[in-house]
Structure formats: C-alpha cells, structure tokens
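Hi everyone, thanks for making time this morning. Let me put the model on the screen, and then I'll walk you through a few places in it.

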Amino acid sequence: MEGVSVNHFVVLSILLFAAGLFCVITRRNALGILMGIELILNSANINYVAFARYSGSGYDGQIFAIFVIMLAAAEAAIGLAIVLGIYQTFETIDVDATDRLRG
Amino acid sequence: MTPAGHAATLADPVSAPFVALIPLLPLAGAILLGLAGERLQQRRGKGIVGAIAVATVGVSFLLSVLAFFRLVGMDEHGRGGGLIANLLPWIHVGSLQVDLAFQIDPLSSAMILVVTGIGALIHLYATAYMAEDPAFWRFFAYLNLFIFAMLTLVLGDSLLLMFVGWEGVGFCSWALIGFWHQEFANTTAANKAFIVNRIGDFGFVIGIFVLFWSLEAATGGHGTLVFREMRAQIGSLEHAGTIFGMSIATFASFCLFVGATGKSAQIPLYTWLPDAMAGPTPVSALIHAATMVTAGLYMIARMSFLFSMAPATLAVVSVVGAATALLAATIATSQNDIKKVLAYSTVSQLGYMFLAMGVGAYGAGMAHVITHAFFKACLFLGSGSVIHAMHHEQDMRKMGGLKDYLPTTFKTFLVSTVAIAGIAPLAGFWSKDEILWMAYASPYGGTGLWLVGVCVAGLTACYMFRQVYMTFYGEPHWKAHGGEHGSDAHGHGDAHGHHATPHESPWQMTVPLQILAAGAVLGGVVCLPHWMPMAGVLEHWLHPVVQTPHVVAEQVEHQPLSLELGLMVVSLVVAGAGIFLATLVYLWRRIPAETFSNLGNGAPYRVLLNKWYVDELYDATVVRGTLALTRVLAWFDRVVIDGIVNGAATIVRTIGDLEGAFDHYVVDGAVNGLADGTYAFGRTLKQIQTGAINAYLIVIVTGVLGGVFVYFVFGAVAATP
C-alpha cells in the first residue's frame, strides 16, 4: 500500500463523480438519473474515507460515510416513490416528457 | 318721568289660568273645523259646524265677562296688574325673557269684550249669511282662527306675543278676503292687503328691535319686551341718546306707528282696506271694521307710556289721523258700492281715533274704538243683509225703496247711521265729540285739527245719509232691473225667487243687528263728558294702565265749560247740515246730484270717484318701481350673477379636464407602464425555465464549474501578494 496515496483516491473519486454527473445529465430515464446520483454520493464517500484515513483524525470520515449511505438509502426510497408517482401520472419515466413546470 | 309718575308702580298680576281658555277655545274650534269640518259638514250638516264656531266664541265671551267682573272686584292698584295665565316659557335667551302668557288688565279686558262679543254676534250672523256656501266649514275655521289671533294680539303680555297675534290676524284677513278665491280680483285684493300690511309690519318689527336694544343698553342688560316691565323701565330711555337725530322714544314710537298705519289703514297704507271688501260681508264687519283694524290703536294705547314720551310722534299721529279722516270721507261721498262707502267710512273713523291718540286722548280714542265697533259692525251686517236680499247686488244705484221690504234691517241701519253721523245722544256723538274737544283743547292739538275733525263730521253725516236714502228710500230701481235680472249672466242668486220682492233675512241675521243697534244707541255711556253723571267711565277704567299725559289733562281741565258746550253745538250743527244736504239732494231731490258732480267741469267729482288717484299713484310709483327693480335685478341676476357662476363653473371644468388628462396619461401611464414592463420581463425570463431537468443540471454544473474556475483563477491572483 506504500505506492497508493491520497491522490489516487481523489482521482478515483473525481472519475466516479464525473461518471455520475455525466449519467445524471445525459440520461432521459429517471431511474438512470437516480443511479447517477448514487455514483456522485459514493464518490463523496470515497473522499470522506480517504481523507479520514490519510489525515489520521480518527473515524469522523467513516461515520460521515455511513451517514451518507443511510441518506442515500432514504433518498433512493423517496426518489423511487416519486418515479412511481410520475409513472402513474404520465405512464412514462422519460424526464423530457414530464416538463409540466416549463415556464 | 313726571307725566306718568305713578306708572311704574303696577301691581303684580294675579295668576288666573282660566284666562288662557279665552284665546284657546276659538283656537280649538279652528283646529276642529279645519281638520274635521268638511266631514262634519257632509255627515251632520252645516248646523253643527256653525254651532261649534258660535259656541267657542260665545264661551270665550262669557269667560271674558267673568274676567271683567274679577277685575271689577279688585281695587284700582291691583287692577293695573290684572290677571295672568302663564302657559309656557317661550324664549329665554340672555336677558330676553318672553313667556307664552296671556294677561288681562283693564285695557285688554275692554278689548276682548268687544272682540268676543261682537265676534260671537257676527259668527251667528254668518251662519245664515254663508248658509249657501259649500265651503261653509272653511269659512268658520278661518273665522275662529281669526278670533284666536286677535285675542292673542290683545292678551299677549309682551310685544313679541302681540306681534304673533298681529301677524295671525294679517294671515286670517288674507285668507278671508280671498275666501271666494275662484275670482281673480278677490285673490288680488287679498294679496294687496297682505303685502301692504307687510310694509307696516316692517316698521313694527324695527320698533320692537329698537325698544329692546335701547332698554337693554339703558338698564345695563335688563332689556325686556313684557309690557309691565317695559313700563317700569321706560323712564331710563329719557336720556338714552338719539337715533338719526331723534330721541329713542320718538324713533321707536314712530316705527310702531308705521306698523299701526298698516294694520289700521292710515295714510299712506290705507289702500288695502277698501279692496278688502272683496271678502264676504261678515268678514268685512268683523275684521275690516270692528276688530282687526283697531289693532294699531290698541297697540298705541298699550304703549301709551312710550308715546307720551314722544310729542313729535304724537304730532305725526294726529296729523296723519286727521288727514286720513278727511281724505277717506271725501272719497266716501262719491262711491256707489254700498260696502265701499262703509270701507272709506271705516278708514275715516279710524283717522278720528288716531287723531285722538295723537293729541294724547288715549281714553277718547279707545272709547271711539268701542262705539265704532258697535255701529260699524251693525252697518256692515245691515249692508250684508241688503246684499243678501238683493241677490249679491252691491251697487246702491240699483237699490232704493227697500225700507218697506227689510224693516228690521232698515231700522237698525238707520240707528247706526244716526250714531255714526254724531247725533246726540247716540254712541257716536259722545265718543266723536270727546275726540273733537280734545283735539281742540289739548296742547298737542289745535284749531286746525279741530276744524278738520268738524268737516269730517259734516261729510260723514252727509255720505252716510246719502247711503241710507239711496238704499232704502226713493224709487225701487231693482224692479226695473229685475226684468233682465233673470236672464243675465250672474243670475246665481235666483234660486230663491227672482222677481219676487226682497225679503227680510232670518233671525240669525236680524238678532245680531238689533243687539248691535242697541249698542250703537247705548254705547256712549262709556265716554260721557265730565259734566254728565257717570262721566268718563272708560277713561277711569283704563286709568291704571292708560293715562292721558299730564300736560294734556292739566290744560284740558282749565278750559271753560261754555267753550266745550259751544264746540259741541257747532259739531252738531255741522252734522245736521250734512244730513240736511243729503236730504235735499237724495231724498227730496230739490238739488239734482249732477249739480255737484258737474262742479268745475266735473273734475273734482272725477278725482273723488277715482279715490284721489292714490291707487294709480302707488301703481305708477311703488308697484311699477318695484316691478322695474325686479326686472333690473333679474337682468343683473341673469347677466352678472349667472355670468360669475357660469364663469366659475367653466374654470373649474377646465381644471378638471386638465387633471383628468394628467391622471389618464401620467399616473395611469406610470402604473400601466410598470405593469407592462414587469410582464414583458417575466415573459422573457420564463423561457429559461424549460422544465427539462437535464437542462437545469447543465446550468447548475456549468455554474459551479464556472464558480470554481473563477475562484481558482482570480481568487488565486487576488491571494497573491
């Protein structure tokens, strides 16, 4: 593990964040967008754990990561419920079709 | 104040609530008849209407008699205070304390006996005279209201309450002159009477104001209009300064006298009285001969304490009275309308009374008021009886020979004529002679006034007997007239027997005539001269409240009795000559009447026939002047006032238009512009909100990346030292 520094984790997290962001922006399927959000959250978790591990400041980062996982679960539940609601209303989960709030 | 030194010590009046009933009963009758009279007349007939009217006045008369005897029972001092019924506080403002109070003292008790007594008789008479009239109830409502107003005038204990009655009788007079308002001439006569009276009222009101104002100033804030209090304070006016160069007493009494000339038909305001004959004859008898026209004299007697302080006013009063007496007497000699003769006779006799007042002989003046009330009411009612019998013909030239057909009317008429002509020992002789004597002997009088009075006495005797002869003696002209009478346009009286001989009137009319004729015979007892037994009853009776000025009494006392008797004989001879002349011309026809009418090419006759052209003069000056003034004022109103008003309106309108434009374009423009701008801005902005999540995310990410980029590039630069 000597060759692995915090920079590697940051790069990984950036890549994961970019992948998630790309997924969120480009997907037209609502479920895809939720998945992208999971990737972004998890890229943040990697940062928390990595910086906690390398700064040596106890387990604060890990605890935060567990909170974020918990939050992601809740977010997924709510997000899925919204998607279900959208499907019942529009009979589709294509976000381009659900532009009722357009000005 | 020496002339009436003990005047100030009048006793306090004794409270006697029944006094209020005397005026209020006729008022109740008037209200009842005015509101319910028409229904009453339809359901119960005219009898009940007439009965109510006569009964209210009759009971008032009985109460007046009762009050009279209460006064007789008092001593002279207490009589001066008399009886009072204080009903309500009326006006209590500052020092002006006027109550609705009726007071009976010797003066007012004498007046109300005449007003209610003769009033009741005339009411009775009118029930027969007006029997054919459909508006019977209205007539009696007004007649009762008149009695109420007259009694208020007489009994009111202050000038203000007297003025209420004063205006009240004016209104009733107006309503009754125009009673037959279907004819335009009658309403014109009514309006004339009212308007001419208003001119006099103006003077009266000014007099009231001046009196209150000056008493207020002279007593230091204790002004009053109550007679007995004014009497006590009047001395304070002696040195109270002047108005227009006259003493206050002179000015105030002159203003009051102007009021009296209106109500009592004196020069220059007498012209309404002859025209007032347009009213039904009982009205002429009651209002325009016996009662209302004496209001001015009553007022002067009531205010005698003021007039006694103003010899200048008294001089004016006596001269106006004498001039009126002469002027009216001359006119009366040439009139052919039976009522017009009596009207001018009334004006002339009222002139006598003013002459008496003017020379300070208040008692003699009031005595003539009373005796004149008897014989003039009798004459008027007699003429009414004639008119009734002649089917509403009033022209004496179409009468004649009526004495056999109307025996009672004739006898009473003749008695009253003798009385007014001043033949002893009838009532008119005593009262008229007392006036003539005072006019001669008083320091305020003189030979000139006496001479005018004697001339008037001769003229009176002459024209009154002319009237008697034309009406009751000679050829019955109505017979020749009767042939066309049935077919001509005004045959409205023919329902009860045209062509038939005139017949005597019913008892309701003849009984009052007889009673009044008795009064005309015996009325003189109130004013017998001092050398007779029972001398000067009325003067003595009035003494507590009406006193002859000291200077007058003193000078008259020192005149020799032979002079007095001599002058009396002269006036008798002159009156006899007047009668003789009338007899020569109109009964024996030794001298044709044309001899006089053609005198001086007929010019004097035409002047008299046209009443000295006074009406024409007034018409040309006052009436036309007023009308011209109204036209000028109307023009002024139309051009100037309307111009100002319209100009102001135009200016305001223009300003309004400008403000409207400002509001429309500037204020509304600003508000709408703001709204439009906001709207347009919103429409532009809403295009950003696409509703596509991806687009939002792109914006967010771009924004965050941009922020990070700016932070790192420029923040780093800024952080570099």
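Let me start with how the elements are named: helices (H or I, at least four residues) and strands (E, at least two) are DSSP runs, numbered from the N terminus. This is a predicted model, in which local features need pLDDT of at least 70, side-chain atom pairs count only at pLDDT 80 or more, and totals for chains, interfaces and linings use all residues. Residues are numbered from 1 along each chain as its sequence is written, while chains are lettered from A and ligands numbered from 1 in the order in which they are written.

With that naming in hand, please look at B:Arg589. B:Arg589 is found in the loop of chain B between α24 (561-587) and α25 (594-597). Its phi is positive, about 55 degrees, although B:Arg589 is not a glycine. For context, most residues other than glycine have a negative phi, and most peptide bonds are trans. Is B:Arg589 buried or exposed? I'm calling a residue buried if 20 or more other C-beta atoms lie within 10 Å of its own, exposed if 12 or fewer, and partly exposed in between, with C-beta atoms placed from the backbone. B:Arg589 has 12 other C-beta atoms within 10 Å, so it is exposed.

B:Tyr613 sits in the loop between α26 (603-609) and α27 (614-685) of chain B. B:Tyr613 also has a positive phi of about 55 degrees without being a glycine, and with 12 other C-beta atoms within 10 Å, B:Tyr613 is exposed.

Staying with backbone geometry, let's go to B:Pro268. The peptide bond joining B:Ile267 and B:Pro268 is cis, with omega at about 5 degrees. B:Pro268 belongs to the loop between α9 (248-263) and α10 (272-275) of chain B.

Now for some buried parts of chain B. Helix α11 of chain B, residues 281-290, is mostly covered, with 10 of its 10 residues buried. Among them are B:Pro282, B:Leu286 and B:His288. What do the buried residues of α11(B) pack against? Their partners in chain B are α4 (106-129), α5 (136-155), α6 (159-177), α10, α15 and α16 (362-389). Contact here means that the C-beta atoms of two residues, placed from the backbone, lie within 7 Å.

B:Phe102 is in strand β3 of chain B, residues 96-104. B:Phe102 counts as buried because it has 27 C-beta neighbours inside 10 Å. Leaving out residues up to four places away in sequence, B:Phe102 touches residues including B:Val19, B:Ile84 and B:Leu155.

Next, some helix packing. Two packed helices are described by the angle between their axes and the distance between the axes. Here the axes are lines fitted to C-alpha atoms, for helices over the stretch in contact, and angles run from 0 to 180 degrees between N-to-C directions. Angles under 35 degrees count as roughly parallel, over 145 as roughly antiparallel, 65 to 115 as roughly perpendicular and the rest as oblique.

Helix α14 of chain B (residues 311-332) packs with helix α15 of chain B (residues 338-358) at an angle of about 160 degrees, their axes being 7 Å apart. That is why α14(B) and α15(B) are roughly antiparallel to each other. The residues of this contact between α14(B) and α15(B) split into 17 nonpolar, seven polar and no charged.

α14(B) has another partner, helix α19 of chain B (residues 447-472): the two axes come within 9 Å and cross at roughly 25 degrees. α14(B) is therefore roughly parallel to α19(B). Residues making the contact include B:Ser318 and B:Leu326 of α14(B), and B:Val456 and B:Tyr463 of α19(B). By class, the contact of α14(B) with α19(B) has 11 nonpolar residues, four polar and no charged.

Last stop, chain A. Its secondary structure comes to three helices and zero strands. The C-alpha trace of chain A spans about 55 × 25 × 25 Å along its principal axes, and buried residues make up 13% of its 103 residues. Where chain A meets chain B, 10 residues of chain A are in contact with 12 residues of chain B. The chain A side of that contact has five nonpolar, one polar and four charged residues.

Conventions
Nonpolar A, V, L, I, M, F, W, Y, C, P; charged D, E, K, R; others polar.
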